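The sequence and structure are shown below.

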2 protein chains.
Amino acid sequence: MTNQAGAYHHGDLRAALLAEAAAMIAEGGAASVTMRAIGQRLGVSRAAPYRHFANKTALLVAVAAAGFDRLKAHLQTIDAGAPRSSVEQLRRMGEEYVRFALENPAHYRLMYGKEALTRRDLPELREAANAIFEQLVAVIQAHQRSGGIKRQDARAQAYVAWSAVHGLASLWIEGQIQATDDIDGLIRQTTRTVLDGMRVRRRRGA
Amino acid sequence: MTNQAGAYHHGDLRAALLAEAAAMIAEGGAASVTMRAIGQRLGVSRAAPYRHFANKTALLVAVAAAGFDRLKAHLQTIDAGAPRSSVEQLRRMGEEYVRFALENPAHYRLMYGKEALTRRDLPELREAANAIFEQLVAVIQAHQRSGGIKRQDARAQAYVAWSAVHGLASLWIEGQIQATDDIDGLIRQTTRTVLDGMRVRRRRGA
DNA sequence: CGAGCGTGTTGACAATGTCAACATACGCTC
DNA sequence: GAGCGTATGTTGACATTGTCAACACGCTCG
């Protein structure tokens with residue numbers, strides 16, 4: 001029942017499948033992942049993966065869920081290492097969110113593209129995404145208390161912020177944003193604009 | 001060479017294919033579109049579509065492009081029928097954008113999900129999307145002149161706005177937004193927040 | 001040592017995209 | 001109106017792929 005070092009051929013096939021699938025996705029997109037190919041690359045037969053995942057969708061869902069976990073961890077490092085008082089923290093989180101997506105385009109696409117994963121509900125995925133969302137909600141609530149952000153429904157505000165960064169990431173990944181444009185500047189402007197819209201106005205409340 | 005009324009079996013198969021594919025997408029998602037099924041539904045053989053589209057991807061791209069055209073037309077009606085002076089026009093455009101997406105979820109997903117369409121460049125699609133984008137840029141520029149919106153790079157601002165509405169639509173379509181939430185309110189809040197962030201501040205410029 | 005289960009393997013099948021060879025019909029020229 | 005050529009369809013065939021069933025192997029437990 002090894003699981004440690006000498007995984008592979010015999011050993012921890014399940015983990016190897018996840019890793020290999022992720023690698024293939026990074027290389028050639030989710031479409032390039034075929035049960036046969038993944039088996040071949042790992043030196044097992046085409047049906048071997050079925051001992052660990054009910055079907056291809058299940059495998060991809062697991063890979064996507066792992067992506068959400070990575071993203072969550074990535075964001076948590078920001079959450080920890082920033083001045084809790086300033087809204088700048090929130091901005092940085094948004095920035096890092098987009099950066100993660102741009103660095104793992106195919107994986108990010110898989111995480112959100114239920115189309116490739118049957119249009120079923122996929123509670124596993126929703127839950128993984130939700131964990132990140134709740135984290136965002138918490139940060140927003142903190143800034144509401146400290147007075148940097150309007151005191152409205154924090155969940156709604158979180159959806160707005162999430163929409164902005166997710167939308168930017170998606171548009172970029174799908175090639176809708178001209179490559180010549182300055183993506184870093186665009187990321188900053190996006191996070192800033194949304195935060196400005198969420199900020200408490202000093203004079204004239206709306 | 002008919003093209004008018006008595007289209008079908010013989011007649012305007014190309015148009016029939018586009019319509020049928022769109023219908024199938026609306027019913028069962030893009031995944032449910034198969035060359036054989038579409039042929040069957042139209043009473044032609046499986047290979048018939050290949051006389052009009054090089055391959056399945058080409059067909060889907062054409063359907064997606066048609067979707068962009070519909071969306072553009074939809075937005076133009078708003079563009080025309082609103083008070084040009086108020087930023088409210090811009091907000092309404094954003095709202096209608098999201099609404100279109102929510103009303104045509106599978107189609108919208110196809111329009112932006114290049115994954116389903118090979119990860120090739122798809123210039124046809126980019127162009128179609130671009131037409132809408134340029135329209136948005138123009139409206140933003142108009143409001144910059146009238147003083148409602150910060151005078152910055154209008155394209156960048158357009159990307160920010162587009163990101164927000166596209167992100168919201170995507171998250172909703174992919175089921176990431178709890179169905180219990182008030183989507184209409186969320187749409188309003190999203191468009192408002194972003195516009196607030198783009199607006200000229202009366203006192204204290206940032 | 002033998003039973004049993006976890007893990008892999010091979011064979012087979014159905015669905016699908018796509019091509020090649022073949023059929024047909026409609027428009028245009030004479 | 002006859003003949004021909006191109007546009008449009010049809011059928012047969014094949015490769016790829018997901019997936020299942022039947023079978024094989026090997027390690028653990030008694």
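How many helices and how many strands are there in chain A? Chain A has eight helices and zero strands, which gives the pattern α-α-α-α-α-α-α-α along the sequence. Helices (H or I, at least four residues) and strands (E, at least two) are DSSP runs, numbered from the N terminus. Residues are numbered from 1 along each chain as its sequence is written, and chains are lettered from A and ligands numbered from 1 in the order in which they are written. Since the model is predicted, local features need pLDDT of at least 70 and side-chain atom pairs count only at pLDDT 80 or more, while totals for chains, interfaces and linings use all residues.

Of the 206 residues in chain A, 38% are buried. A residue is buried if 20 or more other C-beta atoms lie within 10 Å of its own, exposed if 12 or fewer, and partly exposed in between, with C-beta atoms placed from the backbone. Among contacts in chain A between residues at least 6 apart in sequence, those joining residues at least 24 apart make up 66%. Two residues are in contact if their C-beta atoms, placed from the backbone, lie within 7 Å.

**Chain A with chain B**

The contact takes 40 residues from chain A and 40 residues from chain B. On the side of chain B, α5 (105–112), α6 (123–145), α7 (154–173) and α8 (183–198) each supply at least two residues. The largest share, eleven residues, comes from α7(B). By class, this side of chain B has 17 nonpolar, twelve polar and eleven charged residues. Ala, Val, Leu, Ile, Met, Phe, Trp, Tyr, Cys and Pro count as nonpolar, Asp, Glu, Lys and Arg as charged, and the others, Gly among them, as polar.

In α5(B), seven of the eight residues are buried, so this helix is largely enclosed by the rest of the structure. The buried residues are B:A106, B:H107, B:Y108, B:R109, B:L110, B:M111 and B:Y112. They pack against α7 (154–173) of chain A, and in chain B against α1 (13–28), α3 (56–80), α4 (88–103) and α7.

**Helix pairs in chain B**

The axes of α1(B) and α2(B) (residues 35–42) come within 10 Å and cross at roughly 115°. That makes α1(B) roughly perpendicular to α2(B). The crossing is right-handed. On α1(B) the contact is made by B:A16, B:L17, B:E20, B:A21 and B:M24, and on α2(B) by B:I38, B:R41 and B:L42. These residues divide into six nonpolar, no polar and two charged.

α3(B) and α4(B) pack at about 150° with their axes 9 Å apart, which makes them roughly antiparallel. Axes are lines fitted to C-alpha atoms, for helices over the stretch in contact, and angles run from 0 to 180 degrees between N-to-C directions. Angles under 35 degrees count as roughly parallel, over 145 as roughly antiparallel, 65 to 115 as roughly perpendicular and the rest as oblique.

Conventions. A crossing is left-handed if the near helix is turned anticlockwise from the far one by less than a right angle, and right-handed if clockwise.
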